[in-house]
Amino acid sequence: MVADNLHTILSQLPSGVRLVAVSKFHPVERLREAYDAGQRLFGENRPQEFAAKVPQLPADIEWHFIGHLQTNKLKLVLPYASLVQSVDSLHLLEAIEKWGSDNDRIINILLELHLGSEETKHGLTADEIRSVLNSSYPNVRIKGLMGMATNTEDMAVVEEEFDRIETLYNELKETYGLTELSIGMSDDWPVAVRHGATIIRLGTCIFGPREY
Ligand SMILES: *Cc1c(COP(=O)(O)O)cnc(C)c1O
């Protein structure tokens, strides 16, 4: 089933859009099914679960971290993540910079734009993003922007939010060498692709519903 879901999605995905299989809450057996079907890019959103899964799966998997990250959990995530998509505060950005400097590493990140209307969604404002891009973080490489639309069936709302992040991305990408726009989840990914997504993050439509 995981293999069928993956193949269906991949057959509709334009080239140049990468699919992150969001495997949070699913046991490693399900991730292995996706791996056996050819998937090599996975995303997790909880530090402990992420650090526990990585050593149980093949080493050629590329891992993205996509969840809220507290600064006391960096060591669970930064050694293994090829991209931290969810840098949602200046405090976190500065802590990642310090960790990178202390550990002689350059950490690839996306800046998360506050997009949805839910209060629980973390993120930076457009002005904070512009200001970060004009500052120097030698141990951080900013690859692009990430956003999560409001959780709603009203696709006009989602459309407006993706339009907003796409416009900001287009404003900044050449000047700052950004190459990644991560938008789109199971319910809205076709809209995200129309708005220039280079990365989509799908959980439910690959693995089925999560059991919390
Ligand atoms: C869980 C999660 C997803 C995937 O959500 P689905 O609706 O299951 O596709 C995508 N992005 C982030 C940041 C998530 O936390």
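This is a predicted model: local features need pLDDT of at least 70, side-chain atom pairs count only at pLDDT 80 or more; totals for chains, interfaces and linings use all residues.
Trainee: Is aspartate 104 buried or exposed, and what is its phi?

Mentor: A residue is called buried under 20% relative accessible area, exposed over 50% and partly exposed in between, using a 1.4 Å probe and protein chains only. With a relative accessible area of 71%, aspartate 104 is exposed, and its phi is near 55°, a positive value in a residue other than glycine. Phenylalanine 25, which is not a glycine, also has a positive phi, of about 70°; it sits in the loop between strand 1 (18–22) and helix 2 (28–36) and is partly exposed, at 25%.

Trainee: How should I read a nonpolar core, and how many residues does the largest one have?

Mentor: In soluble globular proteins, nonpolar side chains tend to be buried together. A nonpolar core is a set of buried Ala, Val, Leu, Ile, Met, Phe, Trp, Tyr and Cys residues joined through side-chain atoms within 4.5 Å. The largest core here has 61 residues, and Phe42, Val84, Ile109, Leu111, Ile129 and Ile206 have the most contacts inside it. Helix 7 (residues 155–176) gives the largest share of this core, six residues. A second, separate core has eight residues, among them Val20, Leu41, Ile66 and Leu110.

Trainee: Which residues does isoleucine 206 touch, leaving out those up to four places away in sequence?

Mentor: Contact means heavy atoms within 4.5 Å. Isoleucine 206, which is placed in helix 9 (residues 204–207), touches Val2, Asn5, Leu6, Ile9, Leu19 and Ala21, and it is buried, with a relative accessible area of 0%. Histidine 26 is 180 residues away from isoleucine 206 along the chain, yet their C-alpha atoms are separated by 11 Å. Valine 140, in strand 6 (residues 140–146), is buried at 9% and, leaving aside neighbours within four places in sequence, is in contact with Leu93, Ile96, Glu97, Ile106, Ile107 and Ile109.

Trainee: Which residues come nearest to the ligand?

Mentor: A residue is near a molecule if one of its heavy atoms lies within 4 Å of it. Of the 13 residues around the ligand, Lys24, Ser186, Arg201, Thr204 and Arg210 come nearest.

Trainee: What are the distances from the ligand to arginine 201, glycine 203 and threonine 204?

Mentor: We look for polar contacts, which are pairs of N or O atoms within 3.5 Å; within protein, one atom must be able to donate a hydrogen and the other to accept it, and residues adjacent in sequence count only if both atoms are side-chain atoms. A ligand nitrogen is 2.8 Å from an N or O atom in the side chain of arginine 201, a ligand oxygen is 2.8 Å from a polar backbone atom of glycine 203, and a ligand oxygen is 2.5 Å from an N or O atom in the side chain of threonine 204.

How values were computed
Residues are numbered from 1 along each chain as its sequence is written. Side-chain values use heavy atoms; hydrogens and water are left out. Helices (H or I, at least four residues) and strands (E, at least two) are DSSP runs, numbered from the N terminus.
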